[in-house]
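Here is a short report on one protein chain. Please keep the sequence and the coordinates at hand while reading.

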Amino acid sequence: MHFYTVCHLTSVTALKQLDPEFEAVGASLKVPFWKTLCRITLPVSLPSVLDISAYLFMNAMTTVSAVVFLYNSDTRLASIAVMHLDEAGHFASAAAMAVLIFFTCLGVKLLHAVVSHLLLTRAQRWRQAT
């Protein structure tokens, strides 16, 4: 729950970029709300949405405290495996597992950068100076 504030503040800042009259104009032209959302709101706030998703993924990969309560004997989570290996004295294995978690996060961040670049160049051409 403590990760919510960063996401909330990022979303609010992105939505403050919008002119509040977009919704009023859409309503007066009888444009459905979802069209206004898909054509105006999401393209303007797309960088924030992508950054929020990356932020939450990175925190989910490293958060152990919330997962410990969901953990049972059949579940094999990497972050909990690192804790167990460290407690058992298998420091090299714990370090290797931590490096795997790091490379997973790095791979997702690189994928995030590529997808962000592709989506932002397409959806936000209006921001580029011609």
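The count of aromatic pairs in this predicted model comes to 1. Phe102 and Phe103 form that pair. Their ring centres are 5.5 Å apart, and 55 degrees separate the planes. The pair is tilted, because an edge-to-face pair needs planes over 60 degrees apart and a stacked one needs them under 30 degrees apart.

**Overall layout**

The protein chain has 5 helices and 0 strands. From the N terminus, the order reads α-α-α-α-α. Of its 130 residues, 21% count as buried. The chain exposes about 9,500 Å², and carbon and sulfur atoms supply 69% of that area.

**Helix α5**

Helix α5 covers residues 91–123. At 1.5 Å a residue, its 33 residues should span 48 Å. The end C-alpha atoms lie 47 Å apart, which agrees. Which residues of α5 are buried? They are Ala94, Ile101, Cys105, His112 and Ser116. These buried residues pack against α3 and α4.

His112 lies in α5. Its relative accessible area is 12%, so His112 is buried, the cut-off being under 20%. A polar atom of the His112 side chain lies 2.9 Å from the backbone oxygen of Leu50. That distance is within 3.5 Å, the limit for a polar contact. Leaving aside neighbours within four places in sequence, His112 is in contact with Leu50, Asp51, Ser53 and Ala54.

Leu119 also lies in α5. Is Leu119 buried, exposed or partly exposed? Leu119 is partly exposed, with a relative accessible area of 35%. Not counting residues up to four places away in sequence, Leu119 touches Leu46, Leu50 and Gln124. Leu119 and Pro43 are 76 residues apart in sequence, yet their C-alpha atoms are 9.1 Å apart in space.

**Helix α4**

Helix α4 spans residues 78–87. Its buried residues are Ser79, Ile80 and Val82. Why do they sit on the same side of α4? They cover an arc of only 150 degrees around the axis, which puts them there. In general, an α-helix has 3.6 residues a turn, so residues three or four places apart point the same way. The buried residues of α4 pack against α3 and α5. Gly89 follows α4, and its phi is positive, near 90 degrees.

Lys30 is found in the loop between α2 (21–28) and α3 (33–62). Its phi is near 60 degrees, a positive value in a residue other than glycine. Is Lys30 buried or exposed? Lys30 is exposed, because its relative accessible area is 72% and the cut-off is over 50%.

**Accessibility of the residues discussed**

| Residue | Relative accessible area | Class |
|---|---|---|
| Lys30 | 72% | exposed |
| His112 | 12% | buried |
| Leu119 | 35% | partly exposed |

How values were computed. Residues are numbered from 1 along each chain as its sequence is written. This is a predicted model: local features need pLDDT of at least 70, side-chain atom pairs count only at pLDDT 80 or more; totals for chains, interfaces and linings use all residues. Side-chain values use heavy atoms; hydrogens and water are left out. Helices (H or I, at least four residues) and strands (E, at least two) are DSSP runs, numbered from the N terminus. Buried means under 20% relative accessible area, exposed over 50%, partly exposed in between (1.4 Å probe, protein chains only). Accessible areas come from the Shrake-Rupley method with a 1.4 Å probe; for residues, only the protein chains shown count as cover. The arc is that of the directions from the helix axis to the C-beta atoms. Contact means heavy atoms within 4.5 Å. The expected span of a helix is 1.5 Å times one less than its number of residues. A polar contact is a pair of N or O atoms within 3.5 Å; within protein, one must be able to donate a hydrogen and the other to accept it, and residues adjacent in sequence count only if both atoms are side-chain atoms. Rings of Phe, Tyr and Trp (its six-membered ring) pair if their centres lie within 6.5 Å; planes under 30 degrees apart count as stacked, over 60 as edge-to-face and the rest as tilted.
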